[in-house]
Amino acid sequence: MAQQQPAQDHWTQEAYLTSAAFVPELATTVLQWLDPQPDDIVLDLGCGDGVLTAKLKETCASATGVDASANLITAAKKVYSTKAGLSWHVQDCRYLDRWVGFQEGAYTKVFSNAALHWILRDPSTRTSVLQDVYAILRPGGTFAFEMGGKGNVGEVHAALIAAVVHQGVSLEAARELSPWFFPSEALMKQMLENVGFAVQRIQLEYRPTKLTSDKEGGIEGWARLMGAQFLEGLDSSEKREAAVKEVCEVLKTVISHEEDDRMYLGYVRLRVLATKPA
C-alpha cells in the first residue's frame, strides 16, 4: 500500500486510516483471485500497516509483509505481533533481491494491493521487480495483485500537476514529481509475459470511490498523503499549502456528488492473476 521511495517516510497509520481506510476494504475481488489455501506461504508486497496480511494469514500457513515504510511496519508489528505465522520487514520493494529474506522459490503465492503503482514508478527497476517476484515464487506459484490502472485518479493527478506548476515548477518537472505508474491492461500483460509469467486473468475496472469524511481526510487529506511527493517538490510551506488549497478548490464541484454530499475519486483498478509455469 505504501509508497516505495526511500525519501521521507510520510506514511503513518493514523494518516492512512484518516484518508484511505477504504483501500483494504475494497480488496475483496483480488483476494478471491489469490485464493489462499491452508498450505500456502504468502508474501504481501507493499503490505502497509498489515491489515490484509493478517487477513491472509487466517486462511494460509504463513504470511510475510514487506514495505518501504518503517512507520507502517512498526504499526503492523504493534497490532499483530502476538499472532503466529506472521512476520514483517522493512524493505524497498524496488530491490526485493537485496532483502535478507529473499530466497528463490520460497513462496507459493505473492499478493499485492494498491502498492505496485508506487513500486513500479521507477522505469529503471520496473522489470527487475517483476523478475524478483518471479524468482521468489515456487514453480506453479501465483501472483495476484491490484493496482492503479491507466487513468486512475485522473482528476486529482491533473490538479496536482497544475497546482505545483502554478507555484513555479516547470511542467516537465511537475510530471516527474508524480509518484505513480498506471499501466494499461496491454502493457502490464506484456511486462509480465516478458519475464515468464502466464497471465490467467486481467481486468481494468472504473470504480468511483467515496473519500473519507473525517475532518483531516477527504480530498485535502488524500492530497497531502498520496500527493506528498508533488508537495515535496515545492521549496516552502507557503507554496505547499497554496498547492493543496488549489487542488481542493478546483476539485470541489468536480468530484462532489449531490445525492449524498460526498466526494468521490475516479479510481481505475487493474487486477491481475498470473502464474509461474510449473
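**Close-up views of a predicted model**

**View 1. Residue D35 and its positive phi.** With a relative accessibility of 42%, D35 counts as partly exposed, because the partly exposed class lies between the limits of under 20% for buried and over 50% for exposed. The model shown here and in the other views is predicted. D35 sits in the loop between α3 (28–34) and β1. Its phi is near 55°, which is a positive value in a residue other than glycine.

**View 2. Residue D261 in the loop between β7 and β8.** D261 also has a positive phi, of about 55°, although it is not a glycine. The loop that holds D261 runs between β7 (256–257) and β8. Is D261 buried or exposed? Its relative accessibility is 68%, so D261 counts as exposed.

**View 3. Strand β1 and its pairing with β2 and β4.** Strand β1 is mostly covered, with four of its five residues buried. Strand β2 (residues 62–67) runs parallel to β1 and is joined to it by five bridges. For D44, the bridge partner in β4 is F111.

**View 4. The largest nonpolar core and the surroundings of L45.** This core has 31 residues, and L45, F143 and L192 have the most contacts inside it. Which elements give two or more residues to this core? They are the strands β1 (41–45), β4 (107–113), β5 (137–148) and β8 (262–275), together with the helices α6 (116–119), α7 (126–136) and α10 (185–194). Leaving aside residues up to four places away in sequence, L45 touches V66, C93, L96, V110, F111, S112, A115, L116, I119 and V133. A second, separate core has 30 residues, including V169, L211, W222 and V247.

**View 5. The aromatic pair W118 and W180.** A pair of aromatic rings is described by the distance of the centres and the angle of the planes. For W118 and W180 the ring centres are 6.0 Å apart and the planes stand at 75°, so the pair is edge-to-face; the cut-off for that class is over 60 degrees. The pair links distant parts of the chain, with W118 in helix α6 and W180 in the loop between α9 (171–177) and α10, 62 residues apart. W118 counts as buried because its relative accessibility is 3%. W180 is buried as well, with a relative accessible area of 7%. Both belong to one aromatic cluster formed by W118, W180, F182, W222 and F230. W222 is also a member of the second core. The count of aromatic pairs in the model comes to eight.

**View 6. Charged side chains over aromatic rings.** R126 lies over the face of F181, at 3.7 Å from the ring centre. K276 lies over the face of Y134, and the value there is 4.8 Å from the ring centre.

Terms used. Residues are numbered from 1 along each chain as its sequence is written. This is a predicted model: local features need pLDDT of at least 70, side-chain atom pairs count only at pLDDT 80 or more; totals for chains, interfaces and linings use all residues. Side-chain values use heavy atoms; hydrogens and water are left out. A nonpolar core is a set of buried Ala, Val, Leu, Ile, Met, Phe, Trp, Tyr and Cys residues joined through side-chain atoms within 4.5 Å. Buried means under 20% relative accessible area, exposed over 50%, partly exposed in between (1.4 Å probe, protein chains only). Contact means heavy atoms within 4.5 Å. Two strands pair if DSSP finds at least two bridges between them. Rings of Phe, Tyr and Trp (its six-membered ring) pair if their centres lie within 6.5 Å; planes under 30 degrees apart count as stacked, over 60 as edge-to-face and the rest as tilted. A charge sits over a ring if NZ of Lys or CZ of Arg is within 6 Å of the ring centre and within 35 degrees of the ring normal.
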